[in-house]
Amino acid sequence: MQRPAPAKFELLVRRDEEDFELRQVASVTGYLSSRPRRVESESYEISELRSRLAVASGFILKNTTTDRFLLLSAQERFLWDQMDGATSLQEIATAYVLKFGEFDFEIIPSLLRKLQRAQLLTFEPRSRLRAVLARNRGRVIVKALELVLTGLERIRISSHNVQPFFQALYRYGGFLVFTPIAAIVCAALAVLGAAAALVLFRDVHDMLEGFGGHALRGILTVKLLFFASVALHQFVHGLACIHYRRRVREFGFTFLHGFVPTFYVDVTDIFMASRRARVVTAVTGALVHLVLGAVAFIVAVKSPPGSFTQAFAAASGIIQWQALLVALYPFCFIEMDGYHIFVDVLGVPTLKHDAIAYAKGLLTGAGRVEQGREELLWIGYVVLSTLSVAAFIAFNVWIIFSATH
Amino acid sequence: MQASAETLAFLRDVRVFEAFSDPDLLALTDRLRERDLRRHQILFREGDRGDEMFIVRRGTILISKSVTGKVEQVLVRVEPFDFFGEMSLFDGSPRSATAQAETEVELLVLGRDSLQAMTETAPRAAAAFFHAMVLVFMERLRRSTLQVAEATRWGLEATGLDVETR
């Protein structure tokens, strides 16, 4: 019997009194956004099943509450490890492709069915913060915060029909970003920008005096303007996707987790291209900050010392290069471009998740210290990320302190 | 409202008036009012008081029900020759959904007073009207049942819940 088409709702989303937008929401959209969560660790056991006949090892998963057993392949074991209640099915599928280099469209639904039958799966709210808020909804302040976050999360301005726009942008000049000349210009600007930054930082205090008595206000304005460059960053990701003849699925603006304003572009189609394409797509977006920062530093060094222009340009340069660092530096607990390149090259798509789980186990006494290659990588990731975040905070505190005293 | 040949021809194709004789249809036309809506104009909102039903002569009306915040589920699109708002016509209950013009719309309006007058002066026509209305209600009830089933299917598909083998 032929399967029916996925069920759809037609929803009317009001923009104001009379203006509205109609949206078809297929069940598959809800499915991809769902975040399956395996039962608590004390409710299951997993052990490797070694066989002299089978080439690949299998795993036995036991529900200790119901005494039901499941046989999992290595691929299914990998998927099981991803089901932490925080990772969506779409993200799990992406991790699977990165790990195994291919995708089996039936493996996830079939595993979900098996796990549900064995009562090894639950479904959780979207984020840990939201889960905590949901648990404490009885308190007025928590309920109010939850309402605010829900309201902000609903602010989502996006378009799914952006492929023609990005194709036109690429055709009418965007392709220049991916030429050897652009790479040379970028490198030259980086060198000149770094030299200008060195000159400027000999006396950061004098330089920021250009803001007059309103240094903090000046820096905040620069931060706001920086936000526009985040959109440009996302545009370049989209152009890279077009450069490799893949599809840009969506572009938009939203509040991540309800409080982080951000532009985003969906270039997940690039996973179907080569590793080189994925790396170029990730790096070129971040290079927007290198170029803008370098230009800002050059403008600052050419401006009259102590002028507003110099202070403004220098502060912009600092923020742009910080953004470059955050985007490309993999060790900061945030899954930015650099992190994705790093895990792609090492072939460890779940590095952050595994490293945090391992460190948490050690700190709570639930895990044991191991000397394997993976464990060293996890410890290295957690230590480096912790130190990096601390250094990043200290640097910003120093900048603000220098500007205000 | 003036009874033009065009209006009479239109009303003959409206399901609840199909069995009306020509004199009854003429009398009915006198009791109908015309109303035009611009694109996206809201005719009534869920919870509003109402005692009129509307027949779509031109354009499309969206009937939607509030789900959460600013999101509403589109229940049905009402096209020409079809009608809506009849529940409040009969029992005077608040509107159960919102009606908004999707395009430029021309409506014919039948008020409760007119319906009452028709019942008293043309009982045969009124009987035909109510009989047709019962058939339409049954059809809409079947459609609602299908919508409930479809909503359940949406939920099962979206969660990947396997209930066949649980």
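At what angle do the axes of helix H2 and helix H3 of chain A cross? They cross at roughly 140° and come within 10 Å. Keep in mind that this is a predicted model.

- Angles over 145 degrees would count as roughly antiparallel and 65 to 115 as roughly perpendicular, so H2(A) and H3(A) are oblique to each other.
- As for handedness, H2(A) passes H3(A) in a right-handed crossing.
- On the H2(A) side, the contact is made by Gln75(A), Phe78(A), Leu79(A) and Gln82(A).
- H3(A) answers with Ile92(A), Ala95(A), Tyr96(A), Lys99(A) and Phe100(A).
- Sort the residues of this contact by type and you get six nonpolar, two polar and one charged.

**Where chain A meets chain B**
- Each chain brings 22 residues to the meeting: 22 of chain A are in contact with 22 of chain B.
- On the chain A side, the elements giving two or more residues are strand S1 (8–14), helix H1 (27–33) and helix H4 (107–117).
- S1(A) gives the largest share of that side, with six residues.
- By type, the chain A side divides into 11 nonpolar, seven charged and four polar residues.
- For a spot to look at, find Val13(A), which stands opposite Val71(B) in S5(B).

**Chain B at a glance**
- Chain B has five helices and eight strands.
- Along the sequence, these elements of chain B follow the pattern α-α-β-β-β-β-β-β-α-β-β-α-α.
- Chain B has 166 residues, and 23% of them count as buried.
- Of the contacts in chain B with a separation of 6 or more, 71% are between residues 24 or more positions apart.

**The open sheet in chain B**
- Four strands of chain B form an open sheet, in the order S1-S8-S3-S6, with antiparallel pairing.
- Strand S1 (33–37) and strand S6 (83–84) of chain B stand at the edges with a single partner strand each, so one side of each has no neighbour in the sheet.
- Strands S3(B), residues 52–58, and S8(B), residues 105–111, run antiparallel and are joined by six bridges.

Definitions and conventions. Residues numbered from 1 in each chain as written. Chains lettered and ligands numbered in written order. Predicted model: local features only at pLDDT ≥ 70, side-chain atom pairs only at ≥ 80, totals over all residues. Pairing = 2+ DSSP bridges. Contact = placed C-beta atoms within 7 Å. Nonpolar A, V, L, I, M, F, W, Y, C, P; charged D, E, K, R; others polar. Buried ≥ 20, exposed ≤ 12 C-beta atoms within 10 Å, placed from the backbone. Axes fitted to C-alpha atoms, helices over the stretch in contact; angles between N-to-C directions. Parallel < 35°, antiparallel > 145°, perpendicular 65-115°, else oblique. Left-handed = near helix turned anticlockwise from the far one by under 90°.
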